[in-house]
Amino acid sequence: MTIAIDLRSIQRGTFSGVENYTLSLLERMIREDKENKYILFYNGLKPVQTEELRFLNTSVVSRRFPNKILAVSTTFLRMPDFGKLIGQFDTLFLPNINHVVLAPGRKLVVTVHDLSPVVLPEYYNIRRRLWHWSVGFQRTLTRANTIIAVSEYTKHELVEQLHIEPEKIQVVYQGVDHHRFHQDLEESKLREVRNRYGLPGDFILYIGTLEPRKNVEGLLAAWEQMNTDIPLVIAGKPGWKYKNIFKAARKSKKHRSVQFLGFVSEEDKPYVLKLARVFAFPSFYEGFGLPVLEAMAVGTPVVTSSVSSLPEVAGDGALLVNPYNQQELTTALDALVSDEQLRKELIPKALERAKKFDWEKTARETLEVLSQKNISHLNI
């Protein structure tokens, strides 16, 4: 069979959770699949670097319509049909929900990472809300033959919030790249990364987009009340309302001990995580929460939230706290910094937990979903 894959989600040139998922999954899935053919599709004036996805079983189709015009046309005119844009294929796979029109007779599989635009629209600016509205979550997911949810929590939300039939939702967890994220990282590279970023000896680390949903301001407030004077290092690209985070850091009585790294490359991320004394990820809402697993895989103790998908992912490998309770977060941070016995008990559990999540397994399970021949076509 021929599987078309929508690469528009990686056209922005950034590297966030969706881009990481798309590239990590597709590289393994296409490389290992000896039976199916793949069409890599993207659209717009900005080219996509597809070299790492080019195998003998792949071809590339690109169209040069401006994506904004394509979005307007699919939203209001319900055209063009992506079958005509791409050519002959059996199944279209969207690694992230996007604008699409697909005639009956072709299968559509969509990965849903979370439903934050639906359940928490206040965490997005007007421009992003309009984009999410135009995508049409309900319409697209109703049309989909199968939906891949990245956690049981996300599946539950799809059923509860959008009333999707649970039978058409398959849970496939994301994975950890254990070739890069492991406990025995090279000492010389650790020293080189520490020196290049100017990292302190011990520090608490946050990595993620700087936006309200991630609760970075709450982390700052909790860190400020800690009993120790350990520095706080914040890494990640600016998101919506990121200036409030910088403002809170400047106002902190410990402002001299806050360091902003900006975006950390995927190559450097394992080493930055390993160098941290504690990784803190007190997000209000996550569909999965991959940074938690990556920190656990390198043996850095983690404190994360007891809400959304994070308990499902972290299991017993992290300390779970109420992200709305600053004192609870402060107490957990103090404990992981200073209690050596707690650290010795938690780290082996974290390492074992992280081993359960692997991109090769994600690729196999996703391919099983895409290759299903018994999915009925929906005449929608």
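Me: Two strands pair if DSSP finds at least two bridges between them, strands being DSSP runs of E with at least two residues and helices runs of H or I with at least four, numbered from the N terminus. How do you know that strand β8 and strand β9 pair?

Reply: This is a predicted model, in which local features need pLDDT of at least 70, side-chain atom pairs count only at pLDDT 80 or more, and totals for chains, interfaces and linings use all residues. Residues are numbered from 1 along each chain as its sequence is written, and side-chain values use heavy atoms, without hydrogens and water. Strand β8 (residues 204-207) and strand β9 (residues 232-235) share four bridges in the parallel sense, and the definition asks for at least two, so they pair. Leu205, for example, has Val233 in β9 as its bridge partner.

Me: What makes β10 and β13 edge strands?

Reply: The open sheet has six strands in the order β10-β9-β8-β11-β12-β13, with parallel pairing. β10 (258-262) and β13 (319-321) each pair on one side only.

Me: Why are α9 and α14 called oblique to each other?

Reply: Helix α9 (residues 216-224) and helix α14 (residues 326-338) pack at an angle of about 60°. Angles between N-to-C directions run from 0 to 180 degrees, with axes fitted to C-alpha atoms, for helices over the stretch in contact. Under 35 degrees counts as roughly parallel, over 145 as roughly antiparallel, 65 to 115 as roughly perpendicular and the rest as oblique. The two helices are therefore oblique.

Notes: Contact = heavy atoms within 4.5 Å.
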